Amino acid sequence: MVPLAVGAIVARLGLFTPATELLFLIVSFLFVTIAYLHWALVVIERFCEFLGINCLTIAPQANVENV
């Protein structure tokens, strides 16, 4: 919501030029991407903690005979 609010204020004040708008879009994209990745990692960590497993790992099997 932060990039949206900032963009609305800057647009209302008439401070956007093509260059500043491009810069704003790039910064907004980076902000939203980092926020989403943080949220996704927290959710995955909580699921793994609840299930008692390690994420993306396979535990070695005990006493496996070679065929």
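Student: How many aromatic pairs does a search of the whole structure find?
Tutor: First, the basis: this is a predicted model, where local features need pLDDT of at least 70, side-chain atom pairs count only at pLDDT 80 or more, and totals for chains, interfaces and linings use all residues. Residues are numbered from 1 along each chain as its sequence is written, and side-chain values use heavy atoms, with hydrogens and water left out. Rings of Phe, Tyr and Trp (its six-membered ring) pair if their centres lie within 6.5 Å. Searching the whole structure gives two aromatic pairs.

Student: Is the pair of Tyr36 and Trp39 stacked, edge-to-face or tilted?
Tutor: Planes under 30 degrees apart count as stacked, over 60 as edge-to-face and the rest as tilted. The centres of Tyr36 and Trp39 are 5.7 Å apart, with 35° between the planes. The pair is therefore tilted.

Student: Which helix holds Tyr36 and Trp39?
Tutor: Helices are DSSP runs (H or I, at least four residues), and strands are E runs of at least two, numbered from the N terminus. Tyr36 and Trp39 are three residues apart, about one turn of the helix. Both lie in helix H2 (residues 18-51).

Student: Why does Ser28 count as buried?
Tutor: Buried means under 20% relative accessible area, exposed over 50%, partly exposed in between (1.4 Å probe, protein chains only). Ser28 lies in helix H2. Ser28 counts as buried because its relative accessibility is 13%.

Student: Which residue has its backbone oxygen 2.8 Å from a polar atom of the side chain of Ser28?
Tutor: The side chain of Ser28 supplies a polar atom. At 2.8 Å from that atom lies the backbone oxygen of Phe24.

Student: Is Ile34 buried or exposed?
Tutor: Ile34 also lies in helix H2. Its relative accessible area is 58%, so Ile34 is exposed.

Student: What is the separation between the C-alpha atoms of Met1 and Val32?
Tutor: Met1 lies in the segment before helix H1 (2-13). Met1 counts as exposed, at 79% relative accessibility. Met1 and Val32 are 31 residues apart along the chain, yet their C-alpha atoms are separated by 9.1 Å.

Note on methods
A polar contact is a pair of N or O atoms within 3.5 Å; within protein, one must be able to donate a hydrogen and the other to accept it, and residues adjacent in sequence count only if both atoms are side-chain atoms.
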